[in-house]
Amino acid sequence: MHSGFPILSLLLWLPLLGAFAILMIPSREKGLIRNLALGFSLVDLAIAIFLFHGFSSDDVGRQFVEKWSLINGLGVSYHLGMDGLSLLLVLLTAFLSPIVILSTYKAIDDRVKEFFFSLQLLQVGVLGSFLSMDVFLFYVFWELMLIPMYLLIGVWGGQRRVYAAVKFFLYTLVGSVLMLVAIIWVYLEHYKATGNLTADLFTLYGTKLSGHAQMLCFAAFALAFAIKVPMFPFHTWLPDAHVEAPTAGSVILAAVLLKLGTYGFLRFAYPLFPEAAAFFGPYIAVLAVIGIVYGALVAMVQPDVKKLIAYSSVSHLGFIMLGIVALTPMTVSGSLLQMVNHGISTGLLFLLVGVIYERRHTRLITEFGGLAKQLPWFSLCFMVATLASIGLPGTNGFVGEFLVMLGTFNSSVLDKLLGGRAYTIALTTVAGLGIILGAVYMLWMVQRVFFGPLSKDENRRLKDMNLREAIVVIPMIIIIFLIGLFPNLFLGKVQRSVDHFVGDIGRRAGIIETVSNDTKHKADKLVLDSPEAKHDRDH
Amino acid sequence: MTDYNSSALVVIILLPAVGALLNGLFGRRFPRWLVSTVGCASVGLSFALAIWAAYFVFVSNGEERLRQDVYSWISTGGLSISIGLTLDALSTIMVLVVTGVSFVIHIYSIGYMEGDPSYARYFSYLNLFVFSMLILVLGDSLPVLFVGWEGVGLCSYLLIGFWFEDPAKAAAGKKAFIANRIGDLGFLIGMFVLFGFAHTLSIDGLAKAVASGAVPTVWITAACLLLFVGATGKSAQIPLYVWLPDAMAGPTPVSALIHAATMVTAGVYMVARLSFMFALSPTASAVVTLVGAVTAFFAATIGIAQTDIKKVLAYSTVSQLGYMFIGVGVGAYAAGIFHLMTHAFFKACLFLGSGAVIHALSGEQDMMRMGGLRRKMPWTYWTFLMSTLAISGCPFFSGFFSKDEILWKALSTSSPVGGWVHTLAYGLGLAAAAITAFYMFRLVFLTFHGESRIPDGVHVHQEKPVMSWPLAVLAFLAVVGGLPGASMFHVHWFEHFLEPVVATANVTQKGFASLQSSEWWAAGGSVLVGLLGFALAFNLYLQRTSGPGYLAARFKRTYDLVKNKYYVDEIYEIFPIKFIYYLALGLWRIVDTLIIDGLCVNGPAYAARGLGYIGRELQSGNLQVYAFWIFIGFSTLLLYLAHGLGLI
């Protein structure tokens, strides 16, 4: 679908405009800089909501497409588009931006101008990565994210910020460099096969690679994305990055940046190399389940609240990866929704930890205790975030987790990948332990932080949340219940894209014939209905 | 069965939710009377509306039902869950018990929680509980039932830890939540199994799928067992019962409502609701029966040696829940639900009575520091006594009819798995009946009879009317509540009412089952063992008061074992709790810090830095060193050339 007005570009470049506007303002005008950044992000959010509203749930293809040739000779184009896979993530990114900005009003008082410049630049990088439909364009945005995030951790971070920032940077870079090699490989293979130089993602989907090349390229992409997710055992950058990053950095990191990893699997690794994806599927599934249990166990023994939440992310993202590997409409929808859910609930947890950190300058669980008495509203909000995180029905977390688990347990794709029904059942059951352990580590932490006697004198002077903090937190809480009670508002928008995705990958990976009858039926029907299919038939 | 559309159902559910929101958000600014009014009126209206709706089901003798589809909740990828509510015969009983008992306990709470600074928070949680419990019993699909299931778990967690400043109370709340979560995983996987075959999770849909043979028997058994794992968590059966005694940390009205009358019976309700599946699986039914029977007996023995008045009642609840599971296990689904109802009456009354005592003694819960309260609190005493007679199976009290119905069904039927299953369950149930009478009268005698052992300076205040009336209402129900199912007097109303909604179990009737006289004999047997328990308690705690001490010393090891609850908590503390903790610590320290970070991530970094150090030595700026390296290099080159030219 082509729309006349380049609305995606507007969404994408508005934060950059904001960044330069901020540069124009003298550093001492801190208030103005903050308000300006907030203003830009609110406009961006309005655009994103408009896009969500205008997004047609019946269309499986990309919408709001913009495509201009960028480097003619090399086939690189400025190609933006949005489909069901990216819709929710774009909305999430835009939604969090004003919240994050508002949360920093007090916390960031040093180099305010540079901080907001970095934040706006990061926004461009993230949105660009979600919207790019050209592999080189994607790569540029993907790398662009790295620098502002590196600065956010390294400049405004905690005590070991330099170590954490370098670790984050190098970890991610190792993956992305290999991914670049793989991108170039596919690009050249496609040229060899067709004589057509193009970096257009959807044209490259059709590239026929030798088995060996597919494996290597998939591995390179998968490594880059697995580090970003992060999947066990590539996760050790995350706790350090989270602990050292300022609140705003942690929120964006957890809520959005990690999702680029899972999104990358859906957008790049799987459709580009479906057969290799099927080959590696079992390994990814096992790593995902290890991550679920391992992350939950290690989260349990963390002394630092932020570190605990960081490890919980490893566990939660394991569910998302499991849903992707299980490759049924139910699990992939569940994973997409769970990406948003994790962004909201973990983002909220980090925001709340930030609120208390600003007051007490510590995040050690042992420094707290009995806060529920002193800070009733804060505790209520934290409780809601906790319940969302452990997936209580009525909150968003339940819907995503339930879809992923129910679908995975009954996924005939996974049966085939793992080589037997019993393996699927065993794997899902072990993953289910994560649900129990999730309650254990969260509630134990809540018990030690909020319950018991108010034993520390420093905590007796704490003030409950102020108006600004309430404004930051309340929208998140509303979304938690909105998704929890009315998930169809969001699932409905993405369902056909997901069905199409599952059918397409399943068919090309050669696992579709074992997909259960009704899924197969649906997938075939969708393939027939899709504009691409029509296009293919016409030729 | 005919379906009628009714939009009253959602209102029944939402009223308490509104109450919870009002008191939760604004309660701190409300005056106290307004908090009480909002809290009680929301449940009271809900109760009134439930009676109105239930009337419809009653006049149809359970043949018709009310249904309401509220909205489509989750629909994607072949799954479609709508929030649908059904009021059929089974949920009618449940809704009336839940809203009715809740209403009474809400009223009682006005008195009990009077001085509490978190008054509004209390009512908000209590209303939230009623809301969740109503979803649980009205939900017409497993996921909706599960919403209520987890919701009541949350409220239980919040209310057990209501006085969260006390670390032990907060820990008890967490323990309850986690024990329930373990069960919930079973529930979830049970749902997953069923969905794989039936492609639906609505209860009607499942019934159809099961009836059509879409689910193989072995998977029905698997699903039933998994769902029952959930029931052992929620309804405190072996091995997950350990949370319930600790749950007594909550305010006593909460113990009465959540941990005796309603929430803990959810597992029994679930089995009855899914009777069409359990009836098809003799194996699963046998497991339910045996777990119930062993729990009934085991928990009753623990009740003997507890001195905390609420702990005795807690183990009693675990034990009585075991009876209900014997009922639904042997296929007497109506009898299980019947006992659920009568138990709700007498156990709620017992808890509220104990609450009145605790309240009167300013928080004292140790029966060793009570005694002789009969005269000071006559109202409490008499209602408590009525309920004690009911739970002990005194003839014509409610518990007599319901407990005997269960024991009779266990005695007179035989499971396809083996004749011993029901016989063993009967034996354990009968033994538990004797023990029940013993520990209950022990409690009554220690608390209300004999000399006062109340320490000096404790002023005993008589209960307030707002607390007395609920006791009277519940005691009345505890006395007469068994009449709708007085089967030995040919009253089978309760069973017939539930007939349209529960399945007929796959059990064989024994030869004597049809004889009215044998049912009388069986009842006589239970009365006899009850009398035995009563007589022993009378002898030990009223006549020879030195007896208990002597026996405890004489059989010290057994006494210690029972008194310490068979050390089950201590065992769980080691495994799994400590085990998992140290495993997690080990994973973090060894796998994360040492192997991944130390070796794989920082290892190469250190290696690179090491190389850098060596490289740095090469460029020290020291001329002699440079000259040395030039010399080495030049010599090597010369040697190489010489070698190449064949000179060496």
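These legends accompany close-up views of a predicted model.

**View 1. Chain B and its division into domains.**
Four domains are assigned in chain B: domain 1 (1-140), domain 2 (162-274), domain 3 (281-563) and domain 4 (569-645). The chain has 26 helices and 5 strands. Along the principal axes, the C-alpha atoms of chain B fill a box of roughly 125 × 70 × 55 Å. Buried residues make up 58% of the 648 in chain B. Among contacts in chain B with a separation of 6 or more, 81% come from residues 24 or more positions apart.

The centres of domain 2 of chain B and domain 3 of chain B, taken over C-alpha atoms, are 22 Å apart. Domain 2 of chain B gives 32 residues to the contact, and domain 3 of chain B gives 35 residues. On the side of domain 2 of chain B, the elements that give two or more residues are helix H8 (217-234), helix H9 (243-246), helix H10 (252-261) and helix H11 (266-273) of chain B. That side divides into 21 nonpolar, 10 polar and 1 charged residues.

**View 2. Thr383(B) in helix H17 of chain B.**
Helix H17 of chain B spans residues 378-392 and holds Thr383(B). Thr383(B) has a relative accessible area of 8% and therefore counts as buried, the cut-off being under 20%. The Thr383(B) side chain reaches the backbone oxygen of Thr380(B) at 2.9 Å. With neighbours within four places in sequence left aside, Thr383(B) is in contact with Cys349(B), Leu471(B), Ala472(B) and Ala475(B).

**View 3. The interface of chain A and chain B.**
Chain A brings 61 residues to the contact and chain B brings 53 residues. The buried area between chain A and chain B is about 5,000 Å², and carbon and sulfur atoms give 72% of it. In chain A, the residues that lose the most area to chain B are Val301(A), Phe402(A) and Ile436(A), together 11% of what that side buries. The interface of chain A and chain B has 19 residue pairs in polar contact, both residues at pLDDT 80 or more. Helix H18 (residues 421-450) of chain A supplies the largest share of the side of chain A that touches chain B, 13 residues. By class, this side of chain A divides into 44 nonpolar, 13 polar and 4 charged residues.

**View 4. Salt bridges between chain A and chain B.**
Across the interface of chain A and chain B there are 2 salt bridges. Side chains of opposite charge can pair when their charged atoms come close. Lys373(A) pairs with Glu165(B), with the closest N and O atoms 3.4 Å apart. Lys167(A) and Asp597(B) meet in a salt bridge at 2.7 Å, N to O. This pair crosses between chains, from Lys167(A) in helix H6 (residues 161-194) of chain A to Asp597(B) in helix H25 (residues 568-618) of chain B. Lys167(A) is buried at 6% relative accessibility. Asp597(B) is buried as well, with a relative accessible area of 12%.

**View 5. A salt bridge within chain A, from Arg359(A) to Glu469(A).**
The closest N and O atoms of Arg359(A) and Glu469(A) are 2.9 Å apart. The pair links distant parts of the chain, 110 residues apart: Arg359(A) lies in helix H13 (residues 329-360) of chain A, and Glu469(A) in helix H20 (residues 467-485) of chain A. Arg359(A) is partly exposed at 22% relative accessibility, whereas Glu469(A) is buried at 4%.

**View 6. A salt-bridge network in chain B.**
The network links Asp3(B), Arg65(B), Arg67(B), Asp140(B) and Asp204(B). Within it, the side chains of Asp204(B) and Arg65(B) meet at 2.6 Å, N to O. Asp204(B) sits in helix H7 (residues 203-211) of chain B and Arg65(B) in strand S2 (residues 64-76) of chain B, 139 residues apart. Asp204(B) is partly exposed, with a relative accessible area of 33%. Arg65(B) is buried at 10% relative accessibility. Over all chains, the count of salt bridges comes to 33.

Technical notes: Residues numbered from 1 in each chain as written. Chains lettered and ligands numbered in written order. Heavy atoms only, no water. Domains from an automatic or database assignment. Contact = heavy atoms within 4.5 Å. Helix = DSSP H or I, 4+ residues; strand = E, 2+ residues; numbered from the N terminus. Nonpolar A, V, L, I, M, F, W, Y, C, P; charged D, E, K, R; others polar. Buried < 20%, exposed > 50% of the residue type's maximum accessible area, 1.4 Å probe, protein only. Polar contact = N/O pair within 3.5 Å; in protein donor to acceptor, adjacent residues only side chain to side chain. Buried area = accessible area lost by both parts, 1.4 Å probe. Salt bridge = Lys/Arg side-chain N within 4 Å of Asp/Glu carboxyl O.
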